[in-house]
Amino acid sequence: MTPKHYDAIVIGAGQAGGPLASAFAAAGRRTALVEARHVGGTCINDGCTPTKTMVASARVAWLARRAGNYGVRTGDISVDMVAVRERKRAIVEQFRSGSTQRIEETSGLDLIRGEARFTGPASLAVALNDGGRIDLEAKVIVIDAGGRPAMPPVEGLKDTPALDSTSIMELDALPEHLLIVGGGYIGLEFGQMFRRFGSQVTIVQRGSQLMGREDPDIAQAVLDLLRDDGIDILLETDVVRANPADGGVRLTVRGNEREQALQGSHLLIATGRTPNSDRLHLDEAGVETDKRGYITVDERLATNVDGIYATGDINGGPAFTHISYDDFRILRTNLLEDGNATTRDRMVPYVAYIDPQLGRIGLTEQAARDKGLDIRVATMPMSRVARAIQVDETRGLMKAIVDARNDRILGAAILGAEGGELMSMIQIAMMGKLPYTALRDAVFAHPTLAESFNNLFASLEA
């Protein structure tokens with residue numbers, strides 16, 4: 001079969017691959033974009049868009065049950081999971097179809113539906129979704145093939161009905177008791193979501209704290225608020241076995257040197273993700289991966305093979321949509337604009353969409369101390385924020401790490417109402433290299449959440 005030649009091939013239409021393929025085509029490079037599933041990648045189809053849509057539904061249910069706190073009388077509150085699911089599906093389809101249409105209308109860009117595998121350092125074979133095969137070749141190949149939910153090696157799990165972060169969003173009935181293995185961001189978002197929908201929820205976490213990358217005080221605050229929501233959380237607990245039982249599932253877990261059985265109607269596995277590199281036949285091209293299967297790249301996102309690059313979740317960097325999109329910008333700059341962009345010193349903001357949100361940027365206190373930095377730490381509970389009191393959302397705290405040598409902000413964690421938006425304000429200050437005093441002395445509108453920075457940073461002077 002004679003290969004079809006392109007100037008560039010992009011594998012995967014995620015948040016890096018789709019925009020990059022369009023940019024190649026707009027620059028006059030004949031480009032193929034190979035996608036095995038849906039345009040938009042994890043973010044639009046399985047991650048940010050559907051989960052945050054469902055989080056919004058869960059928050060409305062929570063607020064409705066709390067209406068009496070605001071002097072508002074309501075009747076019984078119930079959740080229609082079919083309606084929640086259909087709302088989620090409609091928004092996903094809106095985002096997905098818009099992205100697909102833009103790609104299909106781009107001159108010089110061929111969208112090929114199928115699964116790609118390498119046959120050489122500059123060639124691919126694509127098993128087409130509608131049958132058959134096509135061979136492609138190009139001097140530039142970008143891998144944006146993403147990842148998928150990982151399943152831990154637990155005895156009996158393969159024979160036990162289990163949900164992952166994708167399939168749980170397709171439920172049409174509310175779980176009576178949802179068991180969740182994993183106390184990271186995904187597990188906590190779904191745990192709180194389904195608790196607010198009305199399920200009993202139990203979270204099993206192997207580590208000594210939730211959200212292992214966070215400072216202990218932030219993790220403890222998250223633990224406290226989730227337990228306050230009625231979620232059972234078991235820390236330092238291993239899953240020994242899983243098996244079907246009584247129309248549901250049973251987990252045998254071990255913690256504090258004793259075993260116990262947990263009975264649930266549904267089981268969610270939220271123990272991380274694994275890269276899709278095993279589907280690409282990378283050995284045919286000589287592309288190297290690390291021991292976890294992530295494609296190794298340099299700070300310009302180049303692999304060890306000339307002309308092959310990797311972006312997004314598959315390269316082992318921070319698995320966030322905005323990082324994937326920045327990977328696109330780096331390659332656009334370097335491959336199309338003759339620039340020299342890198343991932344060096346890139347800020348990595350992120351938000352955990354529990355409620356209240358946890359917004360994070362920069363160094364944690366522990367990371368700063370591990371680096372031997374001379375720091376000052378500002379903390380303040382949200383219960384001291386006037387706007388939070390007014391809207392009756394006072395759970396959480398604000399925390400900022402400041403360089404004692406030059407007063408610049410090194411990092412922050414905002415666990416509170418609109419924590420992601422407040423974190424972004426601090427990120428802007430960090431980007432501008434402003435001293436913390438700029439926020440301490442700023443005149444913000446009253447009453448806003450932003451004015452809390454006056455008091456947060458004033459605490460450093462106390």
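**Figure 1. Pairing of strands E13 and E14 in the predicted model.** In this predicted model, strand E13, comprising residues 248–255, is joined to E14 by 7 bridges. The two strands run antiparallel. One of the residue pairs in this view is Arg-250 with its bridge partner Gln-263, which lies in E14.

**Figure 2. The open sheet E12-E13-E14.** The sheet consists of 3 strands in the order E12-E13-E14, and their pairing is antiparallel. Strand E12 (237–245) and strand E14 (258–264) are the edge strands, each of them pairing on one side only. On average, neighbouring strands of this sheet are turned by 20° against each other, direction ignored. In a regular strand, side chains alternate between the two faces of the sheet.

**Figure 3. Parallel pairing of strands E3 and E4.** Strand E3 covers residues 31–35 and strand E4 covers residues 109–120. The two strands run parallel and are joined by 5 bridges. Within this pairing, Thr-31 stands opposite Leu-109 in E4.

**Figure 4. The hairpin between strands E4 and E5.** A hairpin of 2 residues joins E4 to E5. Strand E5 spans residues 123–128 and pairs with E4 in the antiparallel sense over 6 bridges. Arg-117 has Ala-125 in E5 as its bridge partner.

**Figure 5. Packing of helices H3 and H5.** Helix H3 (residues 48–65) packs against helix H5 (residues 185–197) at an angle of about 40°, and their axes are 8 Å apart. Angles from 65 to 115 degrees would count as roughly perpendicular and those under 35 degrees as roughly parallel; H3 and H5 are therefore oblique to each other. Their crossing is left-handed. On the H3 side, the contact is made by Thr-51, Lys-52, Met-54, Val-55, Ser-57, Ala-58, Arg-59, Ala-61, Trp-62 and Arg-65. Helix H5 contributes Glu-189, Phe-190, Met-193, Arg-196 and Phe-197. Of the residues in this contact, 8 are nonpolar, 2 are polar and 5 are charged.

**Figure 6. The whole protein as context for the close-up views.** The protein contains 12 helices and 22 strands. Its C-alpha trace spans about 70 × 60 × 45 Å along the principal axes. For 462 residues, a compact globule would have a radius of gyration near 23 Å, and the protein's value of 24 Å agrees with this.

Key
Residues numbered from 1 in each chain as written. Predicted model: local features only at pLDDT ≥ 70, side-chain atom pairs only at ≥ 80, totals over all residues. Heavy atoms only, no water. Pairing = 2+ DSSP bridges. Helix = DSSP H or I, 4+ residues; strand = E, 2+ residues; numbered from the N terminus. Axes fitted to C-alpha atoms, helices over the stretch in contact; angles between N-to-C directions. Parallel < 35°, antiparallel > 145°, perpendicular 65-115°, else oblique. Left-handed = near helix turned anticlockwise from the far one by under 90°. Contact = heavy atoms within 4.5 Å. Nonpolar A, V, L, I, M, F, W, Y, C, P; charged D, E, K, R; others polar. Rg over C-alpha atoms; globule rule 2.2 N^0.38 Å.
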